[in-house]
Amino acid sequence: MSTTADPLAALGSLPGVADSVDSVRKAVDRVYGHRVMRRRSNEITSEAALRGARGSAALSGADWALEEVRRRSDFGGEGEPRTVGAALRLTAEAGQLLSVWRQSPLRVLARLHLVAVGRDRPEETVGRPRLPGEPVDEPLIDLPLPSAEEMSGRLDGLAGLLLAGSAAPALVTAAVVHGELLALRPFAAYNGLVARAAERIVLIGSGLDPKSICPAEVGHAELGRTAYLEALRGYVSGAPEGVAAWIAHCGRAVELGVRESTAVCEALQRGAA
């Protein structure tokens, strides 16, 4: 990452990133300008949250149909039900943490992990970064795991960048937060779900998507786990072209989330939803 005074903003000058930022901004503006948004934005927000949670859970190995997620209420069981339940809880929680995020991103990440695990399973590893020697249960992220010491230093560095403020576009900041959390895997489990919830918080809090109607998680799931991991490897490499490709991948995910919510708007307009 760049060592300039504003390293996040410096990433905006990487080849292709400005085009991605511009494309995302135009897509978001279009859906916010949809006539249905003037009357039924709360419904769009609720539907986007549900679809976003489904997409995030799918990337963590629980690829349920949307209607299955909609009708089920038994999310306490082990395996896939717990993953889906965690994704739903995180999506609901994300919008409530904006003010805290601006003051203490690390507190929010700890809270997100606690929410993902659930209050019925208190464990000593919940809500705090892992310590030396503690394992990480994140089998779908097949990347070298940084040591606890490296993770802690980089996590503090990320929080410092966020607290210092940046002129970087929202897409760039959201992509870096998402990618860094996946690379570091600071918690014992649920790092993917937490990383995608953090990306959502950045997109909402930045003002790009204040009503949370552009679920990037939908796009990440639609692009597929293979493409997701390939783009993440580019980010982890640290090579400028790899980082740019990850940012572009996150941009495409947002645009596909926009497309999903636009379809919901159209269905509501036709009276079909």
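**Notebook: pocket and cavities**

I looked up the largest pocket first: α10 gives the largest share of its lining, 3 residues. I took helices as DSSP runs (H or I, at least four residues), numbered from the N terminus. The model is predicted, so local features need pLDDT of at least 70 and side-chain atom pairs 80 or more, while totals for chains, interfaces and linings use all residues. Residues are numbered from 1 along each chain as its sequence is written, and side-chain values use heavy atoms, without hydrogens and water.

On a 1 Å grid over the protein atoms alone, I took a pocket as an open set of points with protein on both sides within 12 Å along at least five of seven lines, a cavity as a set where a 1.4 Å probe fits but cannot get out, and lining residues as those with an atom within 4 Å of a point. A volume is the space filled by probe spheres set on the points, which are joined across faces, edges and corners.

The largest pocket has about 530 Å³ and 24 lining residues, with Thr83, Asp137, Glu138, Ala189 and Tyr190 nearest its centre. Two or more lining residues come from each of α5 (80-94), α7 (105-117) and α10 (191-205).

Next I checked the cavities and found 3 of 30 Å³ or more. The largest cavity holds about 70 Å³; α10 gives the most to its lining, 5 residues. Its lining includes Arg196, Arg200 and Glu217.

The second largest cavity has about 60 Å³, and I found Arg196, Arg200 and Glu217 among its lining residues too. α10 again gives the most, 4 residues.
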